[in-house]
Each structure stands twice: as C-alpha cells, then as structure tokens.
Amino acid sequence: MISRVSGAVLLAAVLVALLLAAFGLWRAQGGDPPSQEQRATAIYESLRCPTCTAESIADSQAPISVSMRSTVRELIDDGRTDEQIRAWFVDRYGPTVLLSPPLRGFAALVWLLPVAAVVVAVGWWAVRTRQRVAPVRRAGDHGAAPDEHPVNPASGQRWTTAALVAASVLAVGGGGLVVVGASGAGGASAGASGEETRSGARDPAGVPEPALGALQSAVDRTPGDAGAWLALGRAWDDRSDLDAAEDAYRKALDIQPDHPAARLRLAFVMVRTERPAQATALLRSLLEDAPRTAEAVLLLGTVQRQQDDPAWRATLRRFLDLDPDHPAAPGVRALLDGGAR
Amino acid sequence: MTAVRARRRRGVAVHLLGLVLVAGLLLVLDQALEQSSSAVDGRVEAAPAPPLRGEGLFGDVHDLEDLRGTVVLVNVWASWCAPCREELPLLVRTAERHDDLELVGLNSNDRPDAARRFLAAVDATPMANVSDPDGRQAVEWGARGLPETFVVDRRGMVVARRSGEVTPAWLSSVVLPLVAP
C-alpha cells in the first residue's frame, strides 16, 4: 500500500508535471505576439454562431457565420483590439454571442463554482482520510490491527493528500493563468489606431462608431457621396472636433444641399459654437422643406429660448405635437409648464 | 460515540455544501440559457438603428436616414431563404397600404442576379433594397438568421424585431400601432 517514500515520490511527480504544464500554457499565451490569422482564429473560436447550437463561428458554414468572420477580419484590419472586437459583437448580439461566459459579475460563478467544488471535494476527502486513519485505541485492545493500513499509514496518506491538494491548487492556478492569458493576449497588440472609446459603442447621437480611418478612406474613394461625408462629420462630432465636423457636413451639403440630416447636424454644430443666427436660418430652411422634422423643431425652439425670443414656447409646443414620445418630451413639457404659471 | 456523531455531522455538512454548490451552478446555467434563447419576437429596448446605406439591386441607392420621420420595416432576406418567399409579398402590400410605413430590404449573402429573379417571382421588383453580398450589414444589425425583420420608428430607433417569417398577426399587433392611421 502507500508508503511514505512512494507518497513523496507521487507528490514530487505531480508537482513537476503540473509546473511544466502551467509553464507550457503560460508560454503558449504570452510568447510571441500572435499573428493576424492567429488573432482572428482565436476570436472566431470565442464567438457563438447565432443560428447553430453551441458552435463557434470558426467552423460553421452558416452564411451569417461567414459574414461574421469577414467582419472580424475587417475590424482587425481597422486596428481594433481583441477586447474591442468582442465588445463590438456584444453591442449587436448581446452577451450571449460570447462562447465563454464573462469573468465579471454573476456569470463569474460559472468559473468559480467548479473550482470551489474541487477544493471542497479534496478537502472533504482529506478530512475523511484522516478520520479513517486515526487509530481507534481502546483500553483492552486485544492486539487486533488498529486498521487495515500497514506500518506508518498516517504519513503515507498525508503525502498523498498533500499531493492531491497541491495538484488541485496548481490546476486552479494553471487554469487561472490560461484565463488571464486568453483575455490579455492580443489585447496588447492593437494597431496604430489610438481609439480609447469602446469600438462600435452606440453613442447617444445614434450610430455605431466605425474607425475614423475607415470613414476617411470612404470619402476618399467616393468624394461625391454626401452620406459618406455625413458619416465622417458624425465621427468628428463624436470626438468633439466641431471644426472638422462642420467641414465634413458642409461638404455633404455642397453635394446635396437639401440633405436633411446634414443640415440638422450642421445647425447643431452652429448652436454649440455660438452662432445662433446662422443655426436659426438653417433650421428654418430645413423646416420649409420638411416641416415635420421634430428634432429640427426642438433645436429651433431651444435656440429661440436661448436668445429670449418669445416664439420659443409655440415652437416647443409644436415639437410636442410632432413627437410626444420623443425622449426629450418630458423635459420640454416641464420647461413649458414651468413658465406658464 | 461522540466521535462517530461528529464525523456524521461533518459528513452531512459537506454534503450540504456540495448540494449548495451544485444548486448555485444550476442557477447560473439557467440564467445563461434564458438569456441565450435566440428567437426575439416583438418589442425590444429601443436602441439607435445602425446605418443602412448602399446600392440596391438595380443601380438605385438607398439610405435609411432619408426615411427618418416614417416607420420603417427593415427586412433581411435572400433568394435562398424559403420563408422569405412567403413573407415578402405580405410586407410589400402592407407598406403600400400605409403612407407612414416604408419597407427597405437588406439582401444579404446573396447573388444579385438570383435576388432579382426572386423579386420578379414574388412580384416585388419595385421594392427598395440595399445589396449586402458579404452579409456584413446584416451583422451590423445583429441579424441572427434569415428572414429577420426590424422595426425602426420615426426617430430612427429600433423598437421591435422578429426572427422568422412575419405574419399578419405580428404586423397588426406590433407594427401597425406605431403607424399613423
């Protein structure tokens, strides 16, 4: 049965094996920075195919998976980090698009509970073993063997126990290294883009935020496309570079002078750069062409109020008629009620 | 005897702990499964609509932005999608019947000639479409499969979606209430 020597040997062997394994895993994660294809493959394997059962997009032939793979490659070319790319998909598909549950929050329990279960199981086994081994010495024992284990059974069991506890600790530690490594690797090897915002984050103004570089190349390719200039202007707007935004909006309007969104956004820039008269004129011409554009009415009313133009009340009331469910409506109502008394 | 009882109590305690852990794990899994139920059908938390802009199937150009101010049905379809064949005529007719309702198709992962033939077969050639041969715009919208329909309100927010074929019942209960009479 288990003797002290072989227990110690077992412990040593387990320790060595696990150290090597952990080291190997660590090297696999933190060795040379992964290539684009390796990054792409790692990301494919972490994203769920939306129409399959528990399959990643890595191997799925479903058309949506093929499209998702090509989107991943485009985002890598854009210079996004692995974390940003996964966040981009979570923004559009929800957190269930990730194949491994996130490390934070309630879902962290999925990682922790099995580990806790292993620790408890080992601890229980160790306690049980010690109890079984503790010799029951009674007065008047007639020389029957205290238990079924040979000479010095307790220390043999102790070595094995220690080996198993060490094994589970190292397994947990190694697993932790893998998890940490998986979330860290590829995150450091971002491209030249210095974006700090979450990629694809839905900003309050409305649209996901493609890389500025991609938008710039879009307008270079098709300088006659008003929509491309508008998108570029929006991106600058989101980065609070109002001069660049205005420039892009004006270019859009050069191409298409009655473009509704471009006029509205340019008017908003004018408001924010203290040019209320120009903003008002632009909004009025917009509303001549498209009188039901609620947001233009809202902006006009706001500017009028800023300028102490008494027409602001009628304007804002018109906004409420046009779009009573607009998110700004309660605020506008409060504004109107506040003065009416 | 006390030793035995102590041992038994400890054993029970550990068993209980094990049960608690298992129960916890099942709870977490249940949560995860609930979240991953894929088919969404009906109102969703309003979120800004992604851009939808591009060339159609006949050299025309469309931009969802231009339709701001009306309710828009964005329908993701392809010629190889059988349920799309059933629902497209219904969608086209419904949009025609209401001034305040527009239909824009997103033809994803499809070949333009097959798509054009498909439209002719279901009598929907005049329909406004954006061509998306590599399916990337569909991914931008978070489409999980085909057909999928998104409802964009006047402010440009996605307020409802449906995975799978749309039915008259779905249209009347989810879409038409948003549309001006």
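Colleague: Which residues' side chains meet in a salt bridge at 2.7 Å, N to O?

Modeller: Those of A:E74 and B:R136, where a salt bridge is a side-chain nitrogen of Lys or Arg within 4 Å of a carboxyl oxygen of Asp or Glu. This is a predicted model, in which local features need pLDDT of at least 70 and side-chain atom pairs count only at pLDDT 80 or more, while totals for chains, interfaces and linings use all residues. Residues are numbered from 1 along each chain as its sequence is written, chains are lettered from A and ligands numbered from 1 in the order in which they are written, and side-chain values use heavy atoms, with hydrogens and water left out.

Colleague: How many salt bridges are there between chain A and chain B, and how many residue pairs in polar contact?

Modeller: There are 4 salt bridges between chain A and chain B, and 9 residue pairs in polar contact, both residues being at pLDDT 80 or more. A polar contact is a pair of N or O atoms within 3.5 Å; within protein, one must be able to donate a hydrogen and the other to accept it, and residues adjacent in sequence count only if both atoms are side-chain atoms.

Colleague: Which element of chain A gives the most to the side that touches chain B?

Modeller: Helix 5 of chain A does, with 10 residues, helices here being DSSP runs of H or I of at least four residues, and strands runs of E of at least two, numbered from the N terminus.

Colleague: And how much area do the two chains bury between them?

Modeller: About 3200 Å², 62% of it on carbon and sulfur atoms; this is the accessible area (1.4 Å probe) that two parts lose on being put together, summed over both. The contact (heavy atoms within 4.5 Å) takes 41 residues from chain A and 35 residues from chain B.

Colleague: Switching to B:P51, where is that found?

Modeller: B:P51 is in the loop between strand 1 (41–48) and strand 2 (53–55) of chain B, and B:Q137, 86 residues apart from B:P51 in sequence, is 8.5 Å from it in space, C-alpha to C-alpha.

Colleague: Why is B:P51 called partly exposed?

Modeller: Because its relative accessible area is 34%, and partly exposed lies between buried, under 20%, and exposed, over 50% (1.4 Å probe, protein chains only).

Colleague: What about A:F319, what does that touch?

Modeller: Not counting residues up to four places away in sequence, A:F319 touches several residues, among them A:V297, A:L298 and A:V332.
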